[in-house]
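Please read this note with the sequence and the model side by side. The points below go from the whole chain to single residues.

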Amino acid sequence: MPNTPRAAREARPLTFTEQARRAQFVGLTIRVIAEHGYAGCSLQRIADAAGVTKAAVLYHFASKAALVRAAYLEVISQLTTRVGALVEQAEGPAQAVEAYLRGLIGHLAEHPDHVRVIVEALDGESSIPDQPSSPARWQALAALIDAAKESGAYRREVDSRVLAIMLGGAVDALIAESMQDPAFDTLAGADALVDLVRRGTS
């Protein structure tokens, strides 16, 4: 394969300036998708927001699909980092499940632009391979529920897969409501969901 300028750039570590510029484009892509949707997100619109030429964007990202994927991965990375840290700090397995739910709801409620990116990226038009029905959406929570069962905090007969899927749907509903009604109390919603889990598993 010929050593193209892009291939040569990608084969070496990015400079600090290149990292900063890529991060800027990713952040702007998140904002543009949140404001205009996937269909309204274009390399030219991102370039205009950054005050640069379209060619400058293409220097760092080969296509709109590549940039949208980078934005999606950044959103997911921030979400998993925050939720993962809260789970790690939990005092026990049952508390880890609650930390997961509170962290997920709290982060998404605080970052509605991230929610829009996730929704737009998974609507079938983008090249993101993840799907709303992917098992990855419930497996991490199911594993935490299994750990709570093993510890004795939850009843052994609790079906971790079913409960994880149900809780995922509840989280989606709470976030959807907060997107429709900015005054909606998501923290109270998280408290109510945690209370349901405690009543249903103890």
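1. Basis of the note. The structure is a predicted model, in which local features need pLDDT of at least 70 and side-chain atom pairs count only at pLDDT 80 or more, while totals for chains, interfaces and linings use all residues. Residues are numbered from 1 along each chain as its sequence is written, and side-chain values use heavy atoms, with hydrogens and water left out.

2. Secondary structure. The protein chain contains 10 helices and zero strands. Helices (H or I, at least four residues) and strands (E, at least two) are DSSP runs, numbered from the N terminus. In sequence order the pattern reads α-α-α-α-α-α-α-α-α-α.

3. Extent and burial. The C-alpha trace of the protein chain spans about 60 × 40 × 30 Å along its principal axes. Of the 202 residues in the chain, 38% are buried; here buried means under 20% relative accessible area, exposed means over 50%, and partly exposed lies in between (1.4 Å probe, protein chains only).

4. Contacts along the chain. A contact means heavy atoms within 4.5 Å. When contacts between residues at least 6 apart in sequence are considered, 63% of them join residues at least 24 apart.

5. Surface and charge. The protein chain has an accessible surface of about 11,100 Å², and carbon and sulfur atoms account for 56% of this surface. Such areas come from the Shrake-Rupley method with a 1.4 Å probe, and for residues only the protein chains shown count as cover. There are 20 positive and 24 negative side chains, and the centres of the two sets lie 7 Å apart. Lys and Arg count as positive and Asp and Glu as negative, whereas His and the chain ends are not counted; each charge is placed at NZ of Lys, CZ of Arg, CG of Asp or CD of Glu.

6. The largest pocket. Its space amounts to about 1,100 Å³. A pocket is an open set of points, on a 1 Å grid over the protein atoms alone, where a 1.4 Å probe fits, with protein on both sides within 12 Å along at least five of seven lines; lining residues have an atom within 4 Å of a point. Grid points are joined across faces, edges and corners, and the volume is the space filled by probe spheres set on them.

7. The pocket lining. The largest pocket is lined by 37 residues, and those closest to its centre are L79, L104, I118, R137 and D172. At least two lining residues come from each of α5 (64–89), α6 (93–110), α7 (112–121), α8 (136–151) and α9 (160–180). Which helix supplies the largest share of this lining? That helix is α9, with 10 residues.

8. I46 counts as buried because its relative accessibility is 1%, whereas A49, at 34%, is partly exposed. Not counting residues up to four places away in sequence, I46 touches F25, L28, T29, V32, C41 and L67. With neighbours within four places set aside, A49 is in contact with L28 and R31. From C-alpha to C-alpha, I46 and D195 are 43 Å apart in space and 149 residues apart in sequence.

9. T186. This residue is in helix α10 (residues 186–201). Is T186 buried or exposed? T186 is buried, because its relative accessibility is 12%. Beyond its neighbours within four places in sequence, T186 contacts I105, A109, L174 and S178.

10. A90. The loop between α5 and α6 holds A90, which is partly exposed with a relative accessible area of 23%. Neighbours within four places in sequence aside, A90 is in contact with Q95, A96 and A99. The C-alpha atoms of A90 and Y100 are separated by 9.3 Å, the two residues being 10 apart along the chain.
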